[in-house]
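Student: I would like a close look at one single part of a structure. Please keep the answer connected.

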Amino acid sequence: MTLATLLFSRKAPMTTPQIMALVLAAAVPGIIAMTLWFGPGTLINIAWLILCALILEAAVLKMRHRPVMPALKDCSAAVTALLLALSMPPAAPWWAGLIGVFFAIVIAKHLYGGLGSNPFNPAMVGYAVLLIAFPQTMTSWLLPHNGAGFADTLARFLGNATDTMDALTGATALDRFKLERGGMTVSEFVAGNPLYGTLSGAGWEWVNIAFLGGGLYLLYRRIITWHIPVTLLAAMTLLSLVFYDGGSSASHGSPVFHLFGGAAMLGAFFIATDPVSGPSTTTGKLWYGALIGILLYCIRVWGSYPDGVAFAVLLANFAAPAIDQFVHIAQKGSNHAG
């Protein structure tokens, strides 16, 4: 199969490594956008986490007396590491990435039997562990267009950040919008604030547009179906419309603000669509996506965390088997009634 056929043909059958390679390719626009806005820390995270994931994958497979090279070549460990890296603050300390990958690969994936057997999204398990255990580390993002060079960012990654570098970090736009408005209306808080752009947080709006483009490519190549991302985004949009009051001091943000803020598009198209930890039925996927969208909005607005993609997905993973079971029961009842 030629590269052009792999990238653009909708008819050619694909192997698991080819599917994973296309997922990696679809994430490239988002990776570029994150690097342009938040610096080279994103690339450092990706390189480090993929290396750790491949080493841990090989070690566990060796202990399980399973073939190593075929599993490494399927790129599933690399995709898990990539999604975790994109969810973490750019140039988070090296030890945080290692801990997150360990829980993603060893605990969430291989403890349950390996690829195809994990009930929870491995990348989100790793992220949730890090967020709960090290909340300050996981919520200190480099500011958009911070001016940090590769050497300074690498020093931060290695744990040798200078005071100047530490001054370039802070809470994300979603976090500050939720916690620091102090009675101001939305327009008053956003006006002149460099953390905010036209649609949502500065940088984040472009990152989300880039991941939206990558997600549409995955839909075009039929790597994923529309059911989960569309219902997820629709449910979140509907809730934000219901609770949006036009931008008062008590406003939770407009639908556009939520759609293009945080990890909305990454979560909708790349994380929630994991075929192993989600429902297998078409109707189940619709309910599953809607559930994640509802949970995501509720966690963002009323929860303790600024962005709730990981917890929304993991809670929906719990419900996925029950959703499929209810769908099967409803279909049997409908067939009997007919």
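Student: What is the relative accessibility of Phe177, and does Phe177 count as buried or exposed?

Tutor: Phe177 has 6% relative accessibility, so it counts as buried (buried is under 20% relative accessible area, exposed over 50%, partly exposed in between, with a 1.4 Å probe and protein chains only). The model is predicted, so local features need pLDDT of at least 70 and side-chain atom pairs pLDDT 80 or more, while totals for chains, interfaces and linings use all residues. Residues are numbered from 1 along each chain as its sequence is written, and side-chain values use heavy atoms, without hydrogens and water.

There are 17 aromatic pairs in the structure (rings of Phe, Tyr and Trp, the last by its six-membered ring, with centres within 6.5 Å; planes under 30 degrees apart are stacked, over 60 edge-to-face, the rest tilted). One of them joins Phe177 and Phe189 edge-to-face, at 6.4 Å between centres and 70 degrees between planes. Phe177 belongs to helix 12 (residues 173-179) and Phe189 to helix 13 (residues 186-190), so this pair ties together parts 12 residues apart in sequence (helices are DSSP runs of H or I, at least four residues, numbered from the N terminus). Phe189 is buried, as is Phe177.

Phe177 also pairs with Phe257: the centres are 4.5 Å apart and the planes at 35 degrees, so the pair is tilted. Phe257 lies in helix 16 (residues 255-259), so its pair with Phe177 of helix 12 ties together parts 80 residues apart in sequence. At 7% relative accessibility, Phe257 counts as buried. Ring pairs link Phe177, Phe189, Phe257 and Tyr196 into a cluster.

Finally, the charged end of Arg181 sits over the ring of Phe177, 4.5 Å from the ring centre (NZ of Lys or CZ of Arg within 6 Å of the centre and within 35 degrees of the ring normal).

Notes
Helix = DSSP H or I, 4+ residues; strand = E, 2+ residues; numbered from the N terminus.
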